[in-house]
Amino acid sequence: MPAESPSAATGSVLAHRLVEVATSLRTHGLRVGTSEVADAGAVIQALGMDDRELLREGLASAFLRRAGQRDVFDQVFDIYFPAAVGARSGTPDARLDEASSPREAADVVRDMLMDALARGDKAELDRLAATALDQLGVVRPDDPEAGWSAAQALEQLAPQTAIVGALERARAMGADGDGQDDEGERGGGSGAAGQGQGAGSGGGATQRREQLTDRIERDEMRGRVAAFRRRVETEARRRNAEVRGSQRISRYAVQDALEKRDFLGPGGGELVAMRATIDPLARKLAARLTARQRQQSRGSIDIRKTLRRSMSTGGVPVDPAYARRRPHRPDLVLLCDVSGSVAGFSGFTMTLMQAISAQFNKIRVFAFVSTTDEITDLVKAARLEDDVISAVVRTRKVFGWGASSSYGQSLDSFVSTHLGAIGPRSTVLILGDARSNYGLPRLSALRQIRDQARHVAWLNPEPVASWGTGDSLALDYARVVDMHECRNIDQLRAFVSRMSV
């Protein structure tokens, strides 16, 4: 049997690699089939393997079909098509050899990071990401198979604390005329640095007012720090894939697309990104609901008018007449659990409903933990970046008999105090996980709400498999009103697009 040629062997390896990439993408919710794999093979044949970034763009065009999937693809691509193998080579900084503790090493790396951020040196930032991981991210120094932790490295390095110093150095470089300007740096002073000027400058220094360019530069530097954090995470995935296997790392270390991440799981940075996603989503859904309402407003065919109109065409109903229906815009009433466990979910949903409120005659919002209070004014006045939940907890009476959630007491409180907000045209949405800390469900109060409203729906951010476990009353409440699993932005979009108004 003749030996397989080197080119055939390479092609077989690449084909297997593309199948692994497709499998990983499907694991994280992307729809990738055999046709996409075939397209990716054609891309490699056309572009070759010489330019890694060109290959990345080509494979992305072959595998991706929707916006919002690129971040997942980039993480998977960096695992299966790594930039290098093993530790990065290069001469380490002499100061790192002198560091006697991780804290001193972090100070040295942070100082180098300020310089790289100020210059916008991407190659140096790549090198520093690897250095930070080697110096601060080793899980167990005595066990090289234990791998590396990007979270551990970033926690010790705290790159966000380098922003002020980087801005000061960028300003100094601009004043001397020797700074690099490859990412849009400007030589003007920074607002963050200016805030500390009075304390850090000499007695004769004058403190100037912050200018618009200062804010722009500060935001740009924050963006560079965020990009550096992603570099560290990418480096950690690459190194861990070498010791633990690409399949395992691609399954457990790649973050799902933002629209598929659970509302109850993300940290602070992801919450901000999710909230920013809500606004364009809301505009799109509002336009969709408006179009649907326009189509439905035609009503059914008016037989009498159609027959009269057909007399001019020999009895053929060429131009049917429709019985126009009066546009129906219902009232919207939101009941939101603002306890710590689901506050983020309620905040997103309130923002969404605020954005599509034009589809409703009026909207009223109520919040509860163990008692219910109206927060309509806060929601309507809030901007996208405002923390509505914190304002609600500070200024409204949402705690009655304790700081823990009590759905039964909250429903009773709403019925006894605010039931008049619900009318025969009202659509009621209840937002919460139905975990009542083993309190009574008070199903009679929920039935009163259901009987008085036109429609009631409950959005639960927990998976269906968790309903009824522990202190969850979800299955009890689901027997009274329609309850929908709403764990992420994708499911929220699906619910609102199905919502009958």
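1. Arg238 touches Pro82, Ala83, Ala84, Val85, Gly86 and Arg88, where residues up to four places away in sequence are not counted and contact means heavy atoms within 4.5 Å. This is a predicted model, in which local features need pLDDT of at least 70 and side-chain atom pairs count only at pLDDT 80 or more, while totals for chains, interfaces and linings use all residues. Residues are numbered from 1 along each chain as its sequence is written, and side-chain values use heavy atoms, with hydrogens and water left out.

2. Arg238 is found in helix α12, residues 212-244; helices here are DSSP runs of H or I with at least four residues, numbered from the N terminus. With a relative accessible area of 7%, Arg238 is buried, a term that stands for under 20% relative accessible area, with a 1.4 Å probe and protein chains only. A polar atom of the Arg238 side chain lies 3.0 Å from the backbone oxygen of Ala84.

3. Gly147 lies in the loop between α7 and α8 (150-157) and, at 3% relative accessibility, counts as buried. Leaving aside neighbours within four places in sequence, Gly147 is in contact with Gly137, Val138, Val139, Asn240, Val243 and Arg244. Gly147 and Arg244 are 97 residues apart in sequence, yet their C-alpha atoms are 8.0 Å apart in space.

4. Helix α6 (residues 102-119) and helix α7 (residues 122-136) pack at an angle of about 170 degrees with their axes 10 Å apart, the axes being lines fitted to C-alpha atoms over the stretch in contact and the angles running from 0 to 180 degrees between N-to-C directions. α6 is therefore roughly antiparallel to α7, a label applied to angles over 145 degrees. Among the contributors to this contact are Val109, Leu113 and Leu117 of α6, together with Leu125, Leu128 and Leu136 of α7.

5. The largest nonpolar core has 30 residues, of which Leu113, Leu117, Leu157, Phe228 and Val232 touch the most other members; such a core is a set of buried Ala, Val, Leu, Ile, Met, Phe, Trp, Tyr and Cys residues joined through side-chain atoms within 4.5 Å. Helices α6, α7, α8, α9 (163-176) and α12 each supply at least two residues of this core, and α6 gives the most, with nine. Val232, leaving aside neighbours within four places in sequence, is in contact with Ala129, Leu133, Ala150, Ala153 and Leu154. Apart from this core lies another, of 28 residues, including Val37, Ala40, Leu55 and Val254.

Technical notes. Buried means under 20% relative accessible area, exposed over 50%, partly exposed in between (1.4 Å probe, protein chains only). A polar contact is a pair of N or O atoms within 3.5 Å; within protein, one must be able to donate a hydrogen and the other to accept it, and residues adjacent in sequence count only if both atoms are side-chain atoms. Angles under 35 degrees count as roughly parallel, over 145 as roughly antiparallel, 65 to 115 as roughly perpendicular and the rest as oblique.
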